[in-house]
Amino acid sequence: MIPKPNITELKPSELGYAVEDAIRSNVVPVVLSSPGMGKSDIIKQTVERLKMKLVDERTSTMDLTDWRGVPDIDREKKRTIWYPPDFLPGEKDKPTVVFFDEITQTPTQCQPPLYQLLLDRKLGTVYTAPKTTRFVCAGNLMDDGTFVNKLGSALRDRMVALYLKPDVDDWCKWAYEASIAPSVIAFIRFRPNFLYAFNKNDWASPTARGWEFVSRIVMNAKTLGRVRDALIEGKIGHSHMIEYTAFERIFSTLPSIDAIKLNPDTAQLPDANKPELAFAIANALSMHMTVGNIDRIVIYLNRLPEEYGVFTMKVAVRRDTKLGQTPAFTKWVVQHADAMN
């Protein structure tokens, strides 16, 4: 993704609240980012959090007749009439968010209906949006090779632009909750710059969405070796596949997490010459730490170089805030206060 100067970019955790406030303020946000960052999912999760109905439409596939409809005849009044599009909410519908995705791919001739709908909440005399209806839009950027159509300045002026950027901490927090493959999470923690390395000139390159696909392959593929790795390569590219699968082999040789929790004083330590292995163990411990076993895991962490203990504690508490209220956590933070800061 080409850096955008003088533009405030929001992390996924921030974007949801910005969209929520836009909905509350009755302004139309348009979320812009490179492909594969998860903007559509964030919008859908925000609408779900607000307990509103979601109508998801792709303006890139719509025609002019989709807005005004086809004409019919009122034989009694001897007039031509139109009926509003079926996807738009009526007065009897619950509070609704109409989400126009892929708006930057809207054909030029289909943009004018959006002018009035997004600003005046009307489509001529055909439709008027209920007071409880809100509009949200999303699209890709002009410089990312996604065949976007330039939006007219009049249409852009009707929306509030929000820019999304990837964030490793946000993605990993989501990944834990979404049961993403542990080896994938550990790899992204070890190589955070690989979370999003989108290249519009390559058929396949890493994106936040792409790593979710990799996780599905890792957890479900029955044919291993070159066949499975070809699937992974087909989503993140050759060089990134090579690095991930090499890390995965190391990850599979980790000391048993159960053994560490059972005998934290004597459990095997990672090879000091393999930082990726220590990183993988630290990540695994952060995923398995609970209020009930934090005391034993702390014993093992104190045998590791301090940086890995700090990493484990920060990630674990971000995943489960209850850990931060335990005596073991408090004692550890006091002992490692400088490193934690």
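Which hand does the crossing of α12 and α14 have? The crossing is right-handed, meaning the near helix is turned clockwise from the far one by less than a right angle. Keep in mind that this is a predicted model, where local features need pLDDT of at least 70, side-chain atom pairs count only at pLDDT 80 or more, and totals for chains, interfaces and linings use all residues. Residues are numbered from 1 along each chain as its sequence is written, and side-chain values use heavy atoms, with hydrogens and water left out.

**α12 and α14**
- Helix α12 (residues 275–288) packs on helix α14 (residues 306–319) at about 30°, with axes 8 Å apart; axes are lines fitted to C-alpha atoms over the stretch in contact, and angles run from 0 to 180 degrees between N-to-C directions.
- That makes the pair roughly parallel, the label for angles under 35 degrees.
- Contact (heavy atoms within 4.5 Å) involves residues including F279 and L285 of α12 and F311 and V315 of α14.
- The contact residues split into 10 nonpolar, 4 polar and 1 charged; Ala, Val, Leu, Ile, Met, Phe, Trp, Tyr, Cys and Pro count as nonpolar, Asp, Glu, Lys and Arg as charged, and the others, Gly among them, as polar.

**α1 and α2**
- Helix α1 (residues 12–25) meets helix α2 (residues 39–49) at about 55°, and their axes are 9 Å apart.
- The two are therefore oblique to each other, and α1 passes α2 in a right-handed crossing.
- P12, L15, G16, Y17, V19 and E20 of α1 touch I42, T46 and R49 of α2.

**The largest pocket**
- The largest pocket holds about 1,200 Å³ of space, a volume being the space filled by probe spheres set on grid points joined across faces, edges and corners.
- A pocket here is an open set of points on a 1 Å grid over the protein atoms alone, where a 1.4 Å probe fits, with protein on both sides within 12 Å along at least five of seven lines.
- Its lining has 45 residues, with M37, G38, K39, D41 and I42 nearest the centre; lining residues have an atom within 4 Å of a point.
- α2 gives the most to that lining, with 7 residues.

Note on methods. Helix = DSSP H or I, 4+ residues; strand = E, 2+ residues; numbered from the N terminus. Parallel < 35°, antiparallel > 145°, perpendicular 65-115°, else oblique.
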